[in-house]
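Let's take a walk through a protein model and see how some of its pieces sit together. Keep the 3D view open while you read.

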Amino acid sequence: MTDDDHAPAPMPAPLPRPRVKMKPKSNARALRHGFPWVYANELVTDRRTRKLAPGSLAVLEDEAGRTLGLVAMNPDSKIIARMLDRDPAAQIDVAWFADRLSRAQALRAQLYDAPAYRLVHAEADGLPGVVIDRFGDTCVVQPNAAWAEVHLQALTEALAEVTGCTVILKNASGRTRALDGLDDVSAVLTGTAPDAPVPVIMNGATYMADLTGGQKTGLFYDQRDNQAFAARLVAPGARVLDVFSHVGGFGLAMLAAGAGHATCVDGSAAALELAQAGAEASGFGDRFTARQGDAFEVLTALGEEGAQFDVVICDPPAFAPSKQALEAGLRAYERIAKLAAPLVAPGGYLGLCSCSHAADLTRFRNASARGIGKGGRRAQLLHTGSAGADHPQMPQLAESGYLKSVFFRLD
């Protein structure tokens, strides 16, 4: 018997990846310049292509057969292909994920002095459809695209390796997973889920994040910089109103800056309980009031009561989540501004926010200004804000720059 008789059998060569082709006159140039998506009406979808399993990998070609890169396919989605790598032979494994996660981690470590931030902002960090928020030793992953669900184990291993986090949770809530044909079943991927809200310190306040039962991943890091700007508008003893407050985002930051009292309004009793807990943990629970109810109704009631505040912030959910909802959404933003403006004391400040990517900054700002005018007030536009640097934008993808905040001083 020779040594060769004991040698392991050679691994079979990997099967060639399927190739998919863009239609004539489709915008392959945009893909070459960095746009990350191929829409279903841009791709040749023959029987073979339609049979590709959601999340499977393929080599994308332009209409002339020239290779564009490696894409993740989902024939059931409007976004039929997502660009993963310019190298068509790239292996989507633990090492591939670790490389991208390491670059994302290095950026956040330079920007923030504590591990509390958005670690991965989807396409802008080279992981299409993937959102990861970090809370100390815990990461919450939202795999909002089919390919990420298929490769979730490799992503989880790489995430633990790069960050050292001992708890990794999967959050399956949100409409984006449904658009990709995915379920809404959340899970614990590594470690043990926390049995209580996790405290996060930002802008001098303590926020309580419910990582398993809260909205999205439990806390909205994207408003951190805008909350810091709102805190600069607060004079000692100021009265502030935070509408659509969630767990107290703007209200707690302004209390930490010296506001005399904050009223937080939200439709969720659970979110307001977390806001109250955050105020108490921050040491200003006695200066905090929660008011549960529909925001439009509460704003109307406050107007009828003759209430006045030095700073009013309205940070609603996406009123225009799609182009089809744009006009109705702009009317809703205008109405919010109209109801909020009379509540601002003369010389006070009004901050209005939109997380609707379908409503660009110009249209949102104009709707806000119309509402302020209809509310009987004149305004100066002081500041325009966007998401923090842990939510980088992909220049070729407008949707990655979804958040807009406008701050006015009212007469």
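Predicted model: local features only at pLDDT ≥ 70, side-chain atom pairs only at ≥ 80, totals over all residues.

Two packed helices are described by the angle between their axes and the distance between the axes.

**Helix α11 and its partners**

Start with α10 (residues 295–305) and α11 (residues 326–340), which pack with their axes 9 Å apart at an angle of about 25°. Angles under 35 degrees count as roughly parallel, and that makes α10 roughly parallel to α11. Their crossing is left-handed. Who meets whom here? On the α10 side you'll find F296, L299 and T300, and they meet A332, R335, I336, L339 and A340 of α11. Sorted by class, this contact has 6 nonpolar, 1 polar and 1 charged residues.

Now turn to α11 and α12, whose axes come within 7 Å and cross at roughly 40°. These two helices are therefore oblique to each other, and their crossing is right-handed. From α11, L326, E327, L330, Y333, E334, A337 and K338 take part, meeting R363, F364, A367, S368, R370, G371, I372 and K374 in α12. This contact divides into 7 nonpolar, 2 polar and 6 charged residues.

Here are the two pairs next to each other:

| Helix pair | Angle | Axis distance |
|---|---|---|
| α10 and α11 | about 25° | 9 Å |
| α11 and α12 | roughly 40° | within 7 Å |

Where does F319 sit? Look in the loop between β16 (309–314) and α11. Leaving out residues up to four places away in sequence, F319 touches F244, F296, A325, G329, A332, Y333, I336 and S356. F319 and A358 are 39 residues apart in sequence, and their C-alpha atoms are 9.4 Å apart in space.

**The empty spaces**

Rolling a probe the size of a water molecule over the atoms shows where empty space is left. How many cavities of 30 Å³ or more does a search of the whole structure find? The search turns up 2.

The largest cavity holds about 50 Å³ of space. Its lining includes G55, M73, N74, R82, W147 and D180. At least two lining residues come from each of β4 (67–73), β5 (79–85) and α4 (146–150), with β5 giving the largest share, 4 residues. By class, the lining of the largest cavity divides into 8 nonpolar, 2 polar and 2 charged residues.

Which classes show up in the lining?

Last stop: the second largest pocket, with about 190 Å³ of space. Of its 14 lining residues, D113, A114, A116, V200 and I201 lie nearest the centre. Strand β11 (residues 198–202) gives the most to this lining, with 4 residues. The lining of the second largest pocket has 11 nonpolar, 1 polar and 2 charged residues.

Key:
Residues numbered from 1 in each chain as written. Heavy atoms only, no water. Axes fitted to C-alpha atoms, helices over the stretch in contact; angles between N-to-C directions. Parallel < 35°, antiparallel > 145°, perpendicular 65-115°, else oblique. Left-handed = near helix turned anticlockwise from the far one by under 90°. Contact = heavy atoms within 4.5 Å. Nonpolar A, V, L, I, M, F, W, Y, C, P; charged D, E, K, R; others polar. 1 Å grid on protein atoms, 1.4 Å probe; cavity = no way out; pocket = protein on both sides within 12 Å on 5 of 7 lines; lining within 4 Å. Points joined across faces, edges and corners; volume = space filled by probe spheres on them.
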